[in-house]
Amino acid sequence: MTLAGLAVRNLARNKFRVALTVAGVAVAIVAFLLIRTVLWAWTSGAQWAAKDRVVTRHKVTFVMALPEHYVEVVREAPHIKAVTWANWFGGKDPRHDREFFGTLAVDPDTYFTVYDEMKVPPGQLDDWKHDRQGAIVGDVLAKKLGWKLGDTVTLESGIYPGDWQFKIDGIYTTTAKSVDRSTFCFHWDYLNDALPPARRDKVGWIVSRVDDSAHVADIGVALDKRFDDADTPTLSQDERSFNASFLAMFSAILKAMNIVSGVILVIMTLILGNTIAMGVRERTGEYGVLRAIGFRPGHVALWVVGESLTLGLLGGVVGAALAWPFINYGVGRFIEENMGAFFPYFRLNTANLLLGLALAALLGAAAAAFPAWRASRLRVVDAVRRIA
Amino acid sequence: MIPIRYNLRSLSVRKATTLATAGGIALVVFVLASSLMLSAGIKKTLGSSGRPDDAIVLRMGSDAELGSVVEESSVPLILAAPGVKADERGQPLGVAEVVVVAAMPKLGADGVTNVTLRGVPDDVMRFRPEVHIVAGRPPRPGTDEAIVGERIRGRIAGLDLGQSFDIKKNRPVKVVGVFAADGSSYESEVWVDRELLRQAYGREGIVSSVRVRLSSPSKFDAFRAGVENDKRLGLQALRETAFYEKQSEGAAMFVGTLGTVVSFFFALGAMIGATITMYAAVANRQREIGTLRALGFSRRAILASFLLEAILLAGIGGVAGAAASMAMGLVHFSMVNFASWSEIVFSFDPTPRVLATALVFACGMGLLGGFFPAVRAARTSPLKAIRG
């Protein structure tokens, strides 16, 4: 029997305790992976973001819009392939008061060209372009609120007074995981024509596609230069920086969740360390005998660490095996359907899974450090004499 | 009944095991108590912003001041509505304000956040006597001077005494004072001259909200009827307390739910840790238990004793965790409130209720985790145990 084999076999001596410890580690790993997945789903938007898209908005505040003629200025700038714009409408369905979804007034001719990861069947897109009151909605939203093609929908807005009627002309699906599948898009003209003259001809933000994604930041800076002398200065960012700066608003929560995901690992290490320490205490006499027949202190330490590492890894594997279906088919599905506007893609990713496994094994070994040190320091005479 | 000293001494014999188990429980209680404290802090900050005898008037359909538009011409009508209290000079007590947000660089994080700018009239302190300057001086009326709330000060670039920020292009506003407002959300705002803000944000002739003091809280219904009956105005009146409750709903629920879900998983892990420890305690003390039984202690007394020991073990952790969480009272937590999309600084509020919940939670973990080991202890046969 090899030394490592002996360490593993030691685990089988108190099967009940090992089972409980594995369960404890597994629960901790499930919790850890769940928190990591929330963090990942929240922050991964920046990583999926299109590299060749630039968002131009008001420099100072999101409550003020840009003059419509800015669209033309952007369109004529170098390196710009396509331009579109949108206004935040802030709509909600009075019959589903608590459902949050994004509502955008968009330019029908260009919006789905610039956002080409949102796919609308060509027939539906054509119908919509010719229907001033038409709307295109995400498949997740349509399913949740039970909307079908041809339905008439009335929305209220916290920004634009009145009841707004729309007809569902199309349903979009997405090819990129980061794109919200619960957005409601309708004609910008329909909104604009209904507004009082003072509020008319404003666009919330302008989105453009560039032909040179390597220099997307410079193109943004060049765009802002054009509006530098105007009354309304702009801030143009590539989509990735835009998403990243948006996350800064939640930095405190993200930091807190990071800390909390570390706390569960400490709890797990304590559970593991406790189990190993108990085992070592009970086997003090045996270690004394092993030392007496010639094994070195290093051997004893190795057994203890090996046993703990195996235990940690075992718990990690069980935890990962539970977390995979729990997150991907339980929580994840629920979150994507109900909070799709915030978490369009909530799945356990491989990197986090491997991180969880590695940490379980690593912390297993670390948990054994103190008991292993004590076991290796035992004097043979004391160890053999001591009654556990 | 077995004396409690027996349990205390048993716990102190195996210090490492007791500390590891209690430490795990302490961490769980810390996370739970902190999230409950933050949730309570959110409710307190936004709750203390509202007075029962104040009413707020917004545009019909607006949930927040940010999206609300009230015509200047409606303001005298609102102030003349029934139930509005008059000050000593016979003037109705009310304030019409402009509320916008500006994106400003967050210190200590990579990005910008939205800061609430409140355009206030010169005599705003007449309506809000609880607001007072704690550093610097009040702004001179009609100038480009601002005062900042105590909590947001120093968290955002440009928002500290003597610094300045751009309200619009080439229009710097100087911070001349810092104000406190009884811990309410006003302390996360920047107050500037109303006319200045109107010009800079194109809000001429409109305000965002009108607040009035009622001669008594019971006058609200009469006031609301007076404001809402004139349908042409398109206004709604809310009790200020109800308004702020709605403002805190989302964020408080988010933090509370997240904290509870996370704590549930953590508790499961720590409970398993307690079970392992208690099973080991029972196994190691077979002889003691047998002796106790032989001395005449009933099975029930043994069960009670071991349950008590488990609760003590968890209680130690609970007290340590709750005590550590008290330190969070010194920490300020800055996040974007979902209702207003602007940064509000919250504190952790250690209410007695939160601490009691945390302690009960810890004892519950001990009780559940110790139950099966205690049953095993109670089932010990005295004869077999003493014989070994």
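Trainee: What share of the contacts in chain A with a separation of 6 or more comes from residues 24 or more positions apart?
Mentor: 82% of them. Keep in mind that this is a predicted model.

Trainee: Noted. How many helices and strands does chain A have?
Mentor: There are 16 helices and 13 strands in chain A.

Trainee: And what is the radius of gyration of chain A?
Mentor: Chain A has 30 Å.

Trainee: What does the C-alpha trace span along its principal axes?
Mentor: About 95 × 45 × 30 Å for chain A.

Trainee: How much of chain A counts as buried?
Mentor: 44% of its 388 residues.

Trainee: Let's talk domains. Which ones does the assignment give for chain A?
Mentor: Domain 1 takes 3–45 + 250–385, and domain 2 takes 53–211. Their C-alpha centres lie 48 Å apart.

Trainee: How many residues does each domain of chain A bring to the contact?
Mentor: Seven come from domain 1 of chain A and eleven from domain 2 of chain A. On the domain 1 side, three are nonpolar, three polar and one charged.

Trainee: Switching to the chain pair. How many residues of chain A are in contact with chain B?
Mentor: 43 residues of chain A, facing 50 residues of chain B.

Trainee: Which helices of chain A supply at least two residues each to that side?
Mentor: α2 (15–43), α10 (239–247) and α11 (251–282) of chain A.

Trainee: Which gives the most?
Mentor: α11(A), with 16 residues.

Trainee: And how does that side of chain A split by class?
Mentor: It has 31 nonpolar, ten polar and two charged residues.

Trainee: Now the strands in chain B. Which way do β4 and β9 run, parallel or antiparallel?
Mentor: Parallel. Four bridges join β4 (residues 112–120) to β9 (residues 190–193) in chain B.

Trainee: Which residue is the bridge partner of Gly119(B) in β9(B)?
Mentor: Val192(B).

Trainee: What about β6 of chain B and β9(B), parallel or antiparallel?
Mentor: Antiparallel, over three bridges. β6 covers residues 145–149 of chain B.

Key:
Residues are numbered from 1 along each chain as its sequence is written. Chains are lettered from A and ligands numbered from 1 in the order in which they are written. This is a predicted model: local features need pLDDT of at least 70, side-chain atom pairs count only at pLDDT 80 or more; totals for chains, interfaces and linings use all residues. Two strands pair if DSSP finds at least two bridges between them. Domain bounds come from an automatic or database domain assignment. Two residues are in contact if their C-beta atoms, placed from the backbone, lie within 7 Å. Ala, Val, Leu, Ile, Met, Phe, Trp, Tyr, Cys and Pro count as nonpolar, Asp, Glu, Lys and Arg as charged, and the others, Gly among them, as polar. The radius of gyration is taken over C-alpha atoms; the globule rule is 2.2 Å times the number of residues to the power 0.38. A residue is buried if 20 or more other C-beta atoms lie within 10 Å of its own, exposed if 12 or fewer, and partly exposed in between; C-beta atoms are placed from the backbone.
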